Amino acid sequence: MIRKTLLLILSLALLAGCQSKKGKWSGTDLDVPDSLELAADIQISEEALEEIVQNVSSPIEMAALIKEIGTPFSIDYLATTDYVDKYNTSFQMAYILGVFGADLGYLNIYDKNTQMVDHLSSINRLADGIKVGQFFDFNTLKRLATSRENIDSLMYMSVSTFNNMDSYLRSNQRGHLSAVMITGIWVEGMYLATQVAMENDDPALSDRIGEQKLNMNNLFLILNAYESQTQVQELIEVLSKIKVEFDQVQITYKMGDPETVEQDGMIMIVQNEKSIVHITDEQMKSIIRITEEVRNQLIEI
Amino acid sequence: MARIATLLFIGLFLGTIGSLSAQSPAEMVDICANQAGENATYLKDFQVKLGVAVEGRPQVARYPLVLSSNNIYRFSVCDMESSEGKAVIKLYDNNRLIFSSISAKTKEEFNPFNFMCRKTGIYHVFISFLDGKPGEAVGILSYVSKK
């Protein structure tokens, strides 16, 4: 009787231990060969790195601005998903995962659900490839994309999936893949913005592109933490071409006190301190050209 | 002996069911993000679990983030069902408080609140619990569409 009871207790304890939400189980941790060796390479503390990583802005914001200034949707801006199988290494998969993540944000903002299915399928494959597939609920995302029943849910799930994959990679000593994925997101967001800027010289878009100087500096801090990795070092070298152009861009600040107003029954704090971007037409042209060159080079297989 | 085993079984079974049905932070993120409003697009979440105040100083979770000029952001916070304390979300620009979801003077609550950003840069979100109580909460940063 005692043996049976103990067996029952053990079974229930196992059941309780195994119960988890999607994303919490860590069975796939075991077959990650390139993680542990990196722990010693990181030159700055995990806490400091966490602080920097949080500081790279979302691709949704760039895509939303592109739409808000009246730019029509264009599939031509997006990276092709045709060769997803050719990306074989963790580095390549993490980078292109970021690229497709930014494109997914663009598709989401324009409600292009049908075109989204290809991207979702490719992202699913890549996420599995770098062992973060447990965060990607492909079937639900596909259902939401094809049924058009809840666009807000689709957007929410897409963004939160990438947030979860990113934080899982960072908390499992695979921060280098998170850094590479974030770089892919940022470069593709820059590419989308600069491609639109070629056709539309909207000042809000020019300012947003110029402000990317701050995000680029953050990105370099993240990547520098993993520069002992040859591929990351090569990535830094390629990205340095954009950084050289951004070094010419000036950002100044104008002081002002915030105001509190009520809008649609909600409190809104309006900031009166402003950042002002100083970017010449020539600098913008150079940034557009170099961004295109770098983006195409990095997605080349 | 049989009675003890039965009691153990019932206790463990109920415990298991309890843990299966307990609200998880991820579930709270879903709920809280959905409550942010129709024109709000989820960007980030901040999952916080803090202990009781230490030597009278409430514990605080701090998150840096980049906000872009000419964007409107919405900040909201939701307490977990199990939370003892009530969460407060505050936005800082460097060391300067921009806004708090609960007024320190009047205790009036402004949750969620919007922030029209005009200076691209690094800001900080602080989440703590009123009166230094322990608690668990989820903060949400959303992008507010202008059109």
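In what order do the strands of the open sheet of 6 strands run, and what is the pairing? The order is 2(A)-3(A)-6(B)-3(B)-8(B)-1(B), and the pairing is mixed. The model is a predicted one. Chain A has 11 helices and 4 strands, while chain B has 2 helices and 8 strands.

**Chains in outline**

- Chain A comprises 301 residues, of which 43% count as buried.
- In chain A, residues 24 or more positions apart account for 74% of the contacts with a separation of 6 or more.
- Chain B comprises 147 residues, and 40% of them count as buried.
- For chain B, 79% of the contacts between residues at least 6 apart in sequence join residues at least 24 apart.
- Read from the N terminus, the elements of chain B follow the pattern α-α-β-β-β-β-β-β-β-β.

- Within chain A, strand 2 and strand 3 run antiparallel and are joined by 5 bridges; A:Gln263 has A:Met266 of strand 3 as its bridge partner.
- Between the chains, strand 3 (residues 266-270) of chain A and strand 6 of chain B run parallel, joined by 3 bridges.
- In that pairing of the two chains, A:Met268 has B:Asn114 of strand 6 of chain B as its bridge partner.
- Within chain B, strand 3 (residues 71-79) pairs with strand 6 in the antiparallel sense over 5 bridges, and B:Ile72 stands opposite B:Met116 of strand 6.

**Strand 6 of chain B**

- Strand 6 (residues 113-117) of chain B is mostly covered, with 5 of its 5 residues buried.
- B:Phe113, B:Phe115 and B:Cys117 point one way from the strand, B:Asn114 and B:Met116 point the other way, and all are buried.
- B:Asn114, the bridge partner of A:Met268, and B:Met116, opposite B:Ile72, therefore point to one side of strand 6 of chain B while both are buried.

**Helices packed on the sheet**

- With strand 2 of chain A joined to strand 3 of chain A by 5 bridges, helix 3 of chain A packs on the sheet and touches strand 1, strand 3 and strand 8 (135-144) of chain B.
- The direction of helix 3 of chain A makes about 25° with that of strand 8 of chain B.
- Helix 2 (residues 25-34) of chain B also packs on the sheet, touching strand 1, strand 3 and strand 8 of chain B; its direction makes about 40° with that of strand 8 of chain B.
- Helix 3 (residues 59-68) of chain A is largely enclosed by the rest of the structure, because 8 of its 10 residues are buried.
- The buried residues of helix 3 of chain A are A:Pro59, A:Ile60, A:Glu61, A:Met62, A:Ala63, A:Ala64, A:Leu65 and A:Ile66.
- Just after helix 3 of chain A, A:Gly70 has a positive phi of about 90°.

**The sheet of 4 strands in chain B**

- In chain B, 4 strands form an open sheet in the order 2-7-4-5, with antiparallel pairing.
- Strand 2 (60-67) and strand 5 (96-100) of chain B are the edge strands, each pairing on one side only.
- Neighbouring strands of this sheet are turned by 30° against each other on average, direction ignored.

**A helix pair in chain A**

- The axes of helix 4 (residues 90-109) and helix 7 (residues 151-171) of chain A come within 10 Å and cross at roughly 165°.
- Angles over 145 degrees count as roughly antiparallel, so helix 4 and helix 7 of chain A are roughly antiparallel to each other.
- The crossing of helix 4 of chain A with helix 7 of chain A is left-handed.
- Helix 4 of chain A contributes A:Gly101, A:Leu104 and A:Asn108 to the contact, and helix 7 of chain A contributes A:Leu154, A:Met155, A:Ser158 and A:Phe162.
- By class, this contact has 4 nonpolar, 3 polar and no charged residues.

Definitions and conventions. Residues are numbered from 1 along each chain as its sequence is written. Chains are lettered from A and ligands numbered from 1 in the order in which they are written. This is a predicted model: local features need pLDDT of at least 70, side-chain atom pairs count only at pLDDT 80 or more; totals for chains, interfaces and linings use all residues. A residue is buried if 20 or more other C-beta atoms lie within 10 Å of its own, exposed if 12 or fewer, and partly exposed in between; C-beta atoms are placed from the backbone. Two residues are in contact if their C-beta atoms, placed from the backbone, lie within 7 Å. Two strands pair if DSSP finds at least two bridges between them. Axes are lines fitted to C-alpha atoms, for helices over the stretch in contact, and angles run from 0 to 180 degrees between N-to-C directions. Angles under 35 degrees count as roughly parallel, over 145 as roughly antiparallel, 65 to 115 as roughly perpendicular and the rest as oblique. A crossing is left-handed if the near helix is turned anticlockwise from the far one by less than a right angle, and right-handed if clockwise. Ala, Val, Leu, Ile, Met, Phe, Trp, Tyr, Cys and Pro count as nonpolar, Asp, Glu, Lys and Arg as charged, and the others, Gly among them, as polar.
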